[in-house]
Amino acid sequence: MSATINEIRPGAYFDSVVLMQLQRELAQLQGVIDAGVVMATPANCDLLISSGFSFDEGARSDDLLIVIKADDEQSAEKALAQVDQLMSRKRQIQSEGYLPKSMQAAAGQLPHSSWVLVSVPGRYAAKVARDALDINKNVFLYSDNVSLEDEVELKKTAWERGLLVMGPDCGTAIINGVGFGFANHVRRGAIGLIGASGTGLQVITSEIHRLGAGISHAIGTGGRDLDEEVGAITALEGLNLLTRDVETEVIVVVSKPPAPEVASRLLSAAWGCGKPVVVDLIGHPAPARRIGSLHFTSSLTDAANVAVRLIQEDNESGIRQRINPEESTQRPKFARGILAGGTIAYEVTIGLQSVLGPFFSNLHIDGVKHLPDIWKSQEHTILDLGDDTFTQGRLHPMMDNDYRIRRLRQESADDEVSVILIDLVLGEGAHPDPASELAPVTAELLQKAQQSNQLLEIVCIVIGTDEDPQDLNYQIEQMNAAGAKVFQDIGEAIIHTIDAVLPVQSKEWTEQNPELLTMPVSAINIGLEIFSESLRSQGAEVIGVDWRPPAGGDERLANLLSRLK
Amino acid sequence: MSNMTDIETANKSAVERMIAARPILTGVSTAREVIPGMRENLLLHAGPPIEWERMSGPLRGAVIGALILEGLVKSESEAIGMIEAGEVDFAPCHHHDTVGPMAGVTSASMKVYIIKNTTHGNYAYSNLNEGYGKVLRYGAYSEDVISKLRWMNDEMGPLLADSLGKSDGIDIRALLAEALHMGDEGHNRNKAGSLLFLKQLAPLVTGSTASDELRSRVLQFLGDNALSVLNPVMAACKAMADAAHGIERSTVVTAMARNGTDFGIRISGLNDAWFTAPAGVPVGLYFPGYSSADANADIGDSTITETAGIGAFAMAAAPAIVTFVSGTPQDALNATLEMYEITTMEHGHFTIPSLDFRGSPTGVDIRKVVEFGITPRINTGIAHKDAGVGQVGAGLVRPPMSIFEEALFAYADFYGIT
């Protein structure tokens, strides 16, 4: 006949790792069948009940609940009597120096620390993280159950102060060779990573290591960073840090399914960063295997492979130079495409949108916005002029340039437009000499733009062969002479367009400490003690905080305190 | 947000005043002549207000002894009769700019040290230390206790008054700063401070016109008593703490005191309110033959030292007495490090060599006490619960958490923070 006894210790807080170890040790004692040692939150109590434990009611969330099930009453009592001894053995290891109770005191003992690792229970985590930002520390926020509102507020605050918040629910990061949370031991190298929260980074960093390359830094963002509300604040900051980090030559960005507009925003920043960026945004369709310096991959190991290949290829071509911010501040913002070829329009739209953000169109493509008035473009617009609406009562634009010329004038008159894309599709049945009509108007419009200091480019995609009746070279020559940028490769036209339109990069950069990644890691750890031990064993300077819930978990007092801050 | 700025600024300003205060021992005089509101039938006592019915043994004994010393009664029974007839008024020392160790009973004819805070102009007072053994502050009132008090009042007091009167005074803040570098923490250990005090007084005393016998006896008395400087130190701390009192919106503690029954605190921004709860029994070491069963609840105004950033708060400076808290020198460091968690600033004058001359933790903030669940540490002597037995040990005590919580709620009420 087994016996179950329990003890409730009011207001005695311990972190769950300590309790789990204690639980395991209790369960190993002679005659003990099983033991449960938890902070008596409703969730933990339910868990114990479902594991077949019974215990007294009335324990509160901040009470320590110890339940022991044993072969007989005597064994249970004996085990319970050993709790203090087992706990003090745990404590002894760290009772040498002073364990500060508050982050402020820890900061006083380690004033030059730049990181605070937070792994306290979720409902307290946002406040602790906020306190860390208030004393100018960067945050590794391991805790989960942090609300989206709190995450947004924390990250905005961090952004304004040039600080980084990794997380919430961030399991992994590697900063300057030191793994935070759950990180693998990997070779140091030239690949910098930005990833959502944990295992994704572990998969890629391990794979890179296996392939013989190494990691400069791995920055965790938390799983919601690329949600619309958060707007990729941490990923953008991480990108900024890795861009400026001398050691990092290739950047890998992986994320859980992102909000499309946020993905574009991040990719547009990645585009302008001046380093090749390997992108694996799960659930976000890759526009191409590669657009300029952006390499799209479809799996974590693929991302690792591409990154390692890029390192080996060394300074590969096609890396974009960052736009001079002074020049770009005056740049008009929008791209317009007035294209005769429907499939060309389709491909151009997908390619541009992945980096530049949302496009309007008369094409029906997922994620592309419907242009309300087909006769009037807005923001970024790509039009398929072969659409029935345009061809009613007139020939297809491959044969008749009349409407295209009118539309070209109309788009160029919009001073918010920086690039207009057109296409010349040659071959049987097409206009016998389209450039003869489009080149003069191109020249005229570019000249007009120049006179009024408008930065306007006309990008012309020419599709055809040297055997076509229109004479490919002659068509290209005419357009070149008119000042158009001529491309036969649609991909290159897309790259050129993105370069010309890309929003001002400097708006995305915050004033972060450029040395954050290169300084020796020095951290304050609040919550799980194993993180302190882990950092210490990696040679980092760390001070643990003997954290307790504010006011011992008394909600009324804690609320009052928060109003007296 | 505005609260924070207000409270932070107020606290900073309060504690800056506490630190800037410069307490100078300017003289010795008779209580009735210098202590505001002092009168014949008024007895001042340690701690928060308390009525006779609730007084503990040592305080009752000291009250009886003081009435005998004042010549108002001849015996214990007369004293009790007079008290029960309502002919004796009681008031906390703290209400009269005064502090006293243990029972802290101060009566009209007693000689008191005069401390002037030359920075802000306020005064504070404390009686003269009687030394060890059977003493009034532990509730003893036998004939020898009374005759020693008479000698202190009639012979030592006037000599000290005369000696100090010829000097520029003794800078107690400077004395404390030096003593902290000599192994004192200013509350339980005052060995170095008392010798420094003796060193300053000796030339003044020997230079007086009193008899050789008296001068010799006074110097001997001061030198034999490792607590002789405690009373001027306490008055100095009172003068410093008072300088921090009355700052609007400040949540800094400006008095901690015990009357042997209750522990009380006052808050800078909450006027004269006391927040009290039953005082605990200190945990510590007992003299041979005594145990915690003999201990009175915590008593005395000497917690004014911790209030001002020394005492247990400067424990790291006094590793020699860590055995009182059954510890190692590391525990002494830890004690001070813990107090940084709940205080406002580091003291500009009181520094601690073993912490790389970091300023001592100064100005307890009730918000931090409640938030972190850390109450102030207090080093204290332990009084026997029966009147007149005296000190039975020394150790560590902490005020009850409830008074800080209560003060916090009162603060919110007072400033309309809901």
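Reply: Domain bounds here come from an automatic or database domain assignment. On that basis, chain B comprises domain 1 (20–234) and domain 2 (246–414). Residues are numbered from 1 along each chain as its sequence is written, while chains are lettered from A and ligands numbered from 1 in the order in which they are written. This is a predicted model, in which local features need pLDDT of at least 70 and side-chain atom pairs count only at pLDDT 80 or more, whereas totals for chains, interfaces and linings use all residues.

The pLDDT is the predictor's confidence in each residue, from 0 to 100. For chain B it averages 94, and 98% of the residues score at least 70. The model as a whole has an ipTM of 0.87 and a pTM of 0.74.

The C-alpha centres of domain 1 and domain 2 of chain B are 21 Å apart. Two residues are taken to be in contact if their C-beta atoms, placed from the backbone, lie within 7 Å. By this criterion, 45 residues of domain 1 of chain B touch 47 residues of domain 2 of chain B.

Helices (H or I, at least four residues) and strands (E, at least two) are DSSP runs, numbered from the N terminus. On the domain 1 side of this contact in chain B, two or more residues come from each of α3 (57–69), α6 (172–180) and α9 (230–243) of chain B. Of the elements, α3(B) gives the most, with 5 residues. The residues on that side divide into 22 nonpolar (Ala, Val, Leu, Ile, Met, Phe, Trp, Tyr, Cys and Pro), 7 charged (Asp, Glu, Lys and Arg) and 16 polar (the others, Gly among them).

G47(B) lies in the loop between β2 (42–45) and α3 of chain B. G47(B) counts as buried because 31 other C-beta atoms lie within 10 Å; the class requires 20 or more such atoms within 10 Å, with 12 or fewer making a residue exposed and values in between partly exposed, all C-beta atoms being placed from the backbone. Leaving aside neighbours within four places in sequence, G47(B) is in contact with P92(B), A257(B), R258(B), N259(B), G260(B), D262(B), G264(B) and D301(B). The C-alpha atoms of G47(B) and T261(B) are separated by 8.8 Å, although these residues are 214 residues apart along the chain.
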